[in-house]
Amino acid sequence: MEILSIKKLDYTYDDGESPVLTDINLDFKLGQVYAIMGKSGAGKTTLLSLISGLNQYKAGQILYNGNDLKSLDKEHYRSREIGIIFQSFNLLLHLNAVENVMLSINLSKIKVKDKLQHAFEMLNKVELSKEKAHRRVLKLSGGEQQRVAIARALSYNPSIIIADEPTGNLDGETEAQVLKILKNLAHNENKCVIVVTHSEKVANESDVVYRL
Ligand SMILES: Nc1ncnc2c1ncn2[C@@H]1O[C@H](COP(=O)(O)OP(=O)(O)O)[C@@H](O)[C@H]1O
Ligand SMILES: [Mg+2]
C-alpha cells in the first residue's frame, strides 16, 4: 500500500492569478527513492510544501496511510512522520552539528534513552565524524551541512523524507555521497524518500521519476 497518495490535487496561491498545480495524481511507497523533476516554476517546491503540511490545499486530496492530511494533527505529522530537508538547509549556523540535531530531537519530543548519544548516531549515519560534529555548522562545507540537515530530519525516525534539490549546490562527488545516503535510507531502512532534483544523475539512480 502507498504511504502517500496524491489525488486530483489542484493548488493556487491566495495571491496568485493562475493555478500552480492542476490535477496532480502521484503515489509513493516505502522503500523507494522518488525523483520529482520539472522546469523552474513548475510547482515542485509548492508540491513539497503541500505534502509536508506547510501549505493547505483546497481541491483534491493528499492521503497519508489512507488518511487525508486535513484530518491529521499537523504538529504531530510534521514533527514525527515526515522529515524535511530544505533547499537552504535551515540549520542554525552558530551552533555545532550535534546541537542542531539535538534541537530537532527535543522539538519532536521522541523518547530515546540518551539524546546526545542518539544525536551522534544520526550524524554517524550520514558519515559525519565526531570531530566535525563538534564544529560550528558555519565552518562545515556545503556537503557536510547538507548531511547535518539529513541527520536532523532523521532524528525522530520519520517514514517519509523529502528534500528540495538536496544536491543543487554540491559538486559531483559530494552529490554522489548525499545520494548514496538517501538511497540507503530507502533501500535499507524502508523510508519513502522524495527528492526534487534537476540532476539527471539523481533521477537515473532513483527508483521512480515523476515529471511535473
Ligand atoms: N508564496 C507564494 N505566493 C505566490 N506565488 C508563489 C509562492 N511561491 C511560489 N509561487 C509561484 O508558484 C509557481 C511555482 O513555484 P515553485 O513551486 O517554487 O516552483 P519550482 O520549485 O518548481 O521552481 C511560480 O510561478 C511561483 O512564482
Ligand atoms: Mg523550487
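Reader: How far does a polar side-chain atom of Y13 lie from a nitrogen atom of ligand 1?

Author: This is a predicted model, in which local features need pLDDT of at least 70 and side-chain atom pairs count only at pLDDT 80 or more, while totals for chains, interfaces and linings use all residues. Residues are numbered from 1 along each chain as its sequence is written, chains are lettered from A and ligands numbered from 1 in the order in which they are written, and side-chain values use heavy atoms, with hydrogens and water left out. A polar contact is a pair of N or O atoms within 3.5 Å, and for this pair the distance is 3.4 Å.

Reader: Which residue has a side-chain N or O atom 2.9 Å from an oxygen atom of ligand 1?

Author: A backbone N or O atom of A42 lies 3.2 Å from an oxygen atom of ligand 1. The side-chain N or O atom at 2.9 Å from a ligand oxygen belongs to T45.

Reader: Which strands stand at the edges of the sheet, and why is one side of each left without a neighbour?

Author: Strands are DSSP runs (E, at least two residues), numbered from the N terminus, and two of them pair if DSSP finds at least two bridges between them. The open sheet has five strands in the order β6-β7-β8-β3-β9, with parallel pairing. One side of each edge strand lacks a neighbour because each has a single partner strand, and these are β6 (82–85) and β9 (208–211).

Notes
A polar contact is a pair of N or O atoms within 3.5 Å; within protein, one must be able to donate a hydrogen and the other to accept it, and residues adjacent in sequence count only if both atoms are side-chain atoms. Helices (H or I, at least four residues) and strands (E, at least two) are DSSP runs, numbered from the N terminus.
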